[in-house]
Amino acid sequence: NKTSSNSRLTLGLGIIGTFAAMAALHSPLLRLPYLWDEAGYYIPAALDFFRHGFMIPQNTLPTGHTPLVSICLAAAWWLLGYAPLVSRLTMVAFAAGTLVSLYVLGRAVASRETAIWACVLLGLSPLFFAQSSLVFLDLPAAFTTTVAVWALVRRRMAWFAVAASLAVLTK
């Protein structure tokens, strides 16, 4: 169906454009060393999975955090190499995905203008901006939860089950 492929193309371009804009806005921050909880838990846990396949971290305290962020970081490092830049861009991708999924959800329940404003206001909020490049669980959880809500609203139960399960594995 031509309409379906046009909307997929639009969605794909939206994801790429949002990622590029977010990466550009965060460019001065992308090469910073890891900070507090990143260096203390999230990066060592992801490195344990990357190097040894450990779902329960061995080189930091196992605090009961779920493994999805570690798995995503390990996949990014496997593809692009281990570096803070790769880690930060992975998290920027989650932030971009959150904004795009919020837009899609907004379109499903309200107008185009409402969806755009929701994304602009979220993207400009200091907490969202600050966490957009940090290796924390919050934005992956926001992304998967937003997709789950969209799927529930659209009555796409298989998508809902996957997204909600990933949300649980995120935080």
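Helices here are DSSP runs of type H or I with at least four residues, numbered from the N terminus. The model is predicted.

**Stop 1: the largest pocket**

Select Ser-7, Leu-11, Val-100, Val-104 and Trp-150. Of the 33 residues that line the largest pocket, these lie nearest its centre. The space in this pocket comes to about 1,200 Å³.

Next, colour the helices that take part in the lining. Helix 1 (2–25), helix 4 (84–109), helix 5 (112–124), helix 7 (138–153) and helix 8 each supply at least two residues. Helix 4 gives the most to this lining, with 10 residues. Colouring by class shows 21 nonpolar, 8 polar and 4 charged residues in the lining of the largest pocket.

**Stop 2: the second largest pocket**

The space in the second largest pocket is about 160 Å³. By class, its lining has 9 nonpolar residues, 1 polar residue and no charged residues.

**Stop 3: helix 8**

Select residues 157–170, which form helix 8. Helix 8 has 14 residues, and the distance from its first C-alpha to its last is 19 Å, close to the 20 Å expected at 1.5 Å a residue.

Within helix 8, pick out Ala-163, Ala-167 and Thr-170, which are buried. They lie on the same side of helix 8, because the arc they cover around the axis is only 60°. Turn to the other side of helix 8 to find Ala-158, Val-162 and Val-168, which are exposed. Show helix 3 and helix 7 as well: the buried residues of helix 8 pack against both.

**Stop 4: Thr-170**

Zoom in on Thr-170, which lies in helix 8. Is Thr-170 buried or exposed? Its relative accessibility is 0%, so Thr-170 counts as buried; the cut-off for buried is under 20%.

To see what surrounds Thr-170, leave out residues up to four places away in sequence and display its other contacts. Thr-170 then touches Thr-66, Leu-68, Val-69, Leu-137, Pro-140, Ala-141 and Thr-144.

Note on methods. Residues numbered from 1 in each chain as written. Predicted model: local features only at pLDDT ≥ 70, side-chain atom pairs only at ≥ 80, totals over all residues. Heavy atoms only, no water. Buried < 20%, exposed > 50% of the residue type's maximum accessible area, 1.4 Å probe, protein only. Contact = heavy atoms within 4.5 Å. 1 Å grid on protein atoms, 1.4 Å probe; cavity = no way out; pocket = protein on both sides within 12 Å on 5 of 7 lines; lining within 4 Å. Points joined across faces, edges and corners; volume = space filled by probe spheres on them. Nonpolar A, V, L, I, M, F, W, Y, C, P; charged D, E, K, R; others polar. Expected span 1.5 Å × (residues − 1). Arc of directions from axis to C-beta.
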